[in-house]
Amino acid sequence: MVVAAGKRFCGEHAGAAEEENARKRILCPLDPKHTVYEDQLSKHLKKCNSREKPKPDFFIQDINAGLKDETEITEQLVPISSLSEDQLGNLIKKLRKASEALHDALNDPKNGDSATKHLKQQVCLDHNN
């Protein structure tokens, strides 16, 4: 931190000069590794680098964490044999589209060897489940 003009200490160490300044410094509630003037706490909380940043619209907490137990399955599992002809046709279209996208990604030289290796590993893992 930079020492302000006319001050002896930076903001972090201004507590040592508290007798010179009647303002009280307190620990930041978001990150106790730094301090803030008590009378400027509300302003500080709005700009503190330790505050929680807004998540992007597409962010879903723990989306890849897996299930804790079988009771968390929210979708009804349906046997393929119980699907109507239209539903089965839609499923086949989705699977073909996913297969084409994966095939294109595996054969795209821009992905490089490491990405291709990763994609192939994912395909093997998906087939084993």
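## Exercises on a predicted model

The protein has a mean pLDDT of 79, and 80% of its residues reach 70 or more; pLDDT is the predictor's confidence in each residue, from 0 to 100. This is a predicted model, in which local features need pLDDT of at least 70 and side-chain atom pairs count only at pLDDT 80 or more, while totals for chains, interfaces and linings use all residues. Residues are numbered from 1 along each chain as its sequence is written, and side-chain values use heavy atoms, with hydrogens and water left out.

### Exercise 1: The overall layout

Work out which elements the protein holds and where confidence is highest and lowest.

Step 1. Start with the elements: there are 3 helices and 2 strands. Helices (H or I, at least four residues) and strands (E, at least two) are DSSP runs, numbered from the N terminus.

Step 2. Now read along the sequence, and the pattern is β-β-α-α-α.

Step 3. Finish with burial: buried residues make up 11% of the 129 residues. Here buried means under 20% relative accessible area, exposed over 50%, and partly exposed in between (1.4 Å probe, protein chains only).

### Exercise 2: The annotated domain

Describe the stretch that UniProt marks at residues 25-52.

Step 1. The UniProt record, an unreviewed entry, places the feature "domain: CHHC U11-48K-type" there. UniProt positions are given in the numbering used here, feature names are shortened, and annotations may be inferred rather than shown by experiment.

Step 2. Over residues 25-52 the chain is 25% helix and 21% strand, and the C-alpha atoms at its ends are 22 Å apart.

Step 3. Look at Thr35, which lies in strand E2. Thr35 counts as buried, at 19% relative accessibility. The C-alpha atoms of Thr35 and Gly11 are separated by 8.0 Å, although these residues are 24 apart along the chain.

### Exercise 3: The cysteines

How many disulfides does the structure hold?

Step 1. The cut-off used is a pair of cysteine sulfur atoms within 2.5 Å.

Step 2. Take Cys28: the closest cysteine sulfur to its own is in Cys48, at 3.9 Å, which is too far for a bond.

Step 3. The count is therefore 0 disulfides under the 2.5 Å cut-off.

Step 4. Check burial as well: Cys28 is buried at 2% relative accessibility, and Cys10 is buried at 11%.

### Exercise 4: The salt bridges

Find the salt bridges and say how exposed their partners are.

Step 1. A search of the whole structure gives 2 salt bridges, each a side-chain nitrogen of Lys or Arg within 4 Å of a carboxyl oxygen of Asp or Glu.

Step 2. Asp39 pairs with Arg23, with the closest N and O atoms 3.4 Å apart. Asp39 lies in the loop between strand E2 (35-37) and H1, and Arg23 in the segment before strand E1 (25-27), so the pair ties together parts 16 residues apart in sequence. Asp39 is exposed at 55% relative accessibility, while Arg23 is partly exposed at 31%.

Step 3. Glu52 and Lys55 form a salt bridge at 3.8 Å, N to O. Glu52 is exposed at 66%, and Lys55 is partly exposed at 45%.
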